[in-house]
Amino acid sequence: MSMTVPADRAGTGPQPVAVPDAAREAVDDLFRLHALGLVRLALMLVGDQATAEDVVQEAFLGLYRAWDRVRDPDAVLGYLRTAVVNGARSVHRSRGRARLLRVPHDPPVWSAEAAAMDGEDRRAVLAAIATLPRRQREVLALKYYLDLSERDVAAILRVSRGTVAATGARALAAVARQLREDQ
Amino acid sequence: MTDHRPGDLEDRVRDAYQSAARTVQTLRRASPVLAAGPVPRPRRVTGFVPIAAAMAVIAAVGVSVALPRLLASGQPQPSPPAAVHASATPSYAAAPGSVPPYYVALNLAGNGNYCRANAPYSPATDAVVRATATGAALATITPPRPYGTFIGVTAAADDQTFVLAAQALASPPLTQAPPTGFFLLRIDPANPAPSARAQLTPLPIKVQPQGTGVTGLALSPDGTKLAIAEVYPIAAPPALHVVTLATGAQLVWAATTGGPTFGPGTTGEPLSWAADERTLAFVLAGTSVRLLDADAAGSNLMASSRLVVSTPSGYLYPSWQQVMITLDGQTIIAVIEIAAEAKNGHGTTVRQELVTYSARTGRLLHVLNRIPVYGNSERVLWASPSGQVLTVSGTQPGATVGGCVNVGATAGVLRDGHFTPIPWSDRTFAAAW
């Protein structure tokens with residue numbers, strides 16, 4: 001299914017539409033403002049910086065492609081956070097699908113192998129969180145890393161506030177249980 | 001550990017998250033969106049395939065990959081401006097997998113049987129600036145006289161600075177190899193003025209002495225230094241040159257007489273830089289992958305470098321086809337061609353593997369694929385800083401072009417074990433992002 005463009009036929013195929021400069025500058029500015037924080041959020045979900053940056057890159061590219069449909073500039077950060085959460089889900093799905101090939105990715109920052117974090121308790125807490133189901137991990141990251149309200153978490157995950165509250169409580173209970181078992 | 005109140009656990013979770021967040025202090029990658037002016041991004045690739053190696057001859061019994069021949073050198077007079085032809089409108093489409101949006105490809109030029117018996121030593125080629133997502137050609141650069149072909153391309157990390165190696169056309173048999181020259185290429189694919197999308201400038205780099213063959217080229221990520229692997233005539237030691245482009249100053253590390261060379265056994269890109277602008281990975285034929293500190297004193301290639309990966313054992317012959325160090329300096333990505341005795345005991349089978357090693361310990365990390373050897377070797381054309389996303393070519397059977405086995409008939413992005421094809425010209429034999 002490869003497509004080739006012989007040199008002597010270059011330029012005759014369908015051409016993409018040029019996006020105005022304003023969109024590029026706007027997305028670029030948003031990147032400078034928010035990318036570091038979003039990479040850190042993604043890090044909580046995927047574990048390593050390289051993958052986290054990949055996720056954030058895709059989020060901004062998606063924003064760029066959809067820029068002409070952005071109606072509320074104030075909602076852009078929320079859109080990006082949702083894109084990061086979705087991107088992190090894709091990472092986990094891809095990792096799960098890799099059966100025949102050993103997929104290389106850096107060890108999570110909370111692992112002893114990564115030797116990136118100090119504090120055994122901190123590593124233990126994150127390692128316990130990493131064992132939780134996806135939805136619980138997402139709620140914990142949005143609520144306790146970004147310190148978002150349950151309403152804002154619900155908007156990003158597109159679930160009800162009640163779901164956020166219940167999921168968060170179950171997640172904390174599971175982490176507590178895991179930490180007790182690891183003593 | 002005693003039971004903690006929920007509040008305590010919440011604080012511990014917050015504290016753990018904040019501690020993890022502190023491990024990320026700077027971003028390794030800049031905005032993926034083109035903005036006004038250059039946006040430095042930690043991406044680079046080197047694509048250098050000696051023509052003699054790229055244009056394999058299909059023999060009756062199979063495919064053989066020609067080895068780099070020794071070339072004579074000579075410094076040409078300042079050349080007239082290169083012809084730059086612009087075509088197509090700028091492409092702003094985002095490339096898959098966050099691969100940089102534009103690249104420079106070396107394409108066979110014209111028509112004909114490039115690999116017929118009396119064909120020129122190196123067929124005519126052009127450099128073409130293309131959009132990754134669509135394959136659209138945005139500018140075509142023809143080699144300036146007296147050169148007739150480009151034999152190598154390498155990129156800096158800013159997505160706009162490249163170096164091309166050019167060579168004059170000459171027909172075998174050769175008593176003197178064609179002269180080789182180097183050019184700085186700066187691209188601006190988004191420029192509305194087609195004539196301004198590519199600018200070629202001669203570099204005052206001398207390839208000496210006579211008989212020197214250039215078999216590797218790597219531009220440092222910041223575009224200030226050019227590493228050149230040179231193979232001298234038989235009985236003379238090969239050498240690695242690092243040229244500071246602003247001043248022309250050269251550092252040279254020579255292998256010992258009679259030692260391994262960059263040539264036979266290494267038909268692909270033998271040089272690559274890490275983002276620290278001083279670690280240079282190279283491979284010597286049949287021996288090992290080594291790392292050189294290009295800022296440290298020394299002139300002996302072996303003594304000044306450290307061994308990272310020895311040639312794998314246990315096969316009839318392993319051959320390093322390509323070695324690349326990731327920008328973060330942590331991983332060696334390699335394509336190895338391996339021959340093993342056929343299971344039925346008759347003859348040998350040849351396969352190629354795309355593998356990664358730890359740059360620190362040399363330990364084999366992963367085998368990313370294991371495929372038959374098609375017309376030419378698999379190539380890694382670009383790698384993300386940690387090597388998790390790769391652009392590769394030669395992983396699928398290709399058609400022949402001009403009587404030669406086509407190099408990189410297909411290319412695509414390899415990520416998380418999934419290969420996504422990208423538009424690719426079947427005339428492309430080298431490319432750099």
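The largest nonpolar core has 58 residues, and those touching the most other members are A:F60, A:I129, A:L140 and B:Y17. By nonpolar core I mean a set of buried Ala, Val, Leu, Ile, Met, Phe, Trp, Tyr and Cys residues joined through side-chain atoms within 4.5 Å. Buried means under 20% relative accessible area, exposed over 50%, and partly exposed in between, with a 1.4 Å probe and protein chains only.

This is a predicted model, where local features need pLDDT of at least 70, side-chain atom pairs count only at pLDDT 80 or more, and totals for chains, interfaces and linings use all residues. Residues are numbered from 1 along each chain as its sequence is written, chains are lettered from A and ligands numbered from 1 in the order in which they are written, and side-chain values use heavy atoms, with hydrogens and water left out.

Helices (H or I, at least four residues) and strands (E, at least two) are DSSP runs, numbered from the N terminus. Helix 1 of chain A gives the most, 12 residues. A second, separate core has 25 residues, including B:V129 and B:I141.

Take A:L140. Apart from neighbours within four places in sequence, A:L140 is in contact (heavy atoms within 4.5 Å) with residues including A:I129, A:L172 and B:Y17.

Chain A has 7 helices and 0 strands. Of its 183 residues, 45% count as buried.

Now one helix pair. Helix 5 and helix 6 of chain A pack at an angle of about 135°, with axes 10 Å apart. Axes are lines fitted to C-alpha atoms, for helices over the stretch in contact, and angles run from 0 to 180 degrees between N-to-C directions. On the helix 5 side of chain A, the contact residues include A:R135 and A:L142; on the helix 6 side, A:E150 and A:I156 are among them.

Last, the loops of chain B. The peptide bond from B:R145 to B:P146 is cis, with omega near 10°. B:P146 sits in the loop between strand 7 (137–142) and strand 8 (149–155) of chain B. B:E277 is not a glycine, yet has a positive phi of about 65°. Is B:E277 buried or exposed? B:E277 is buried, at 18% relative accessible area.
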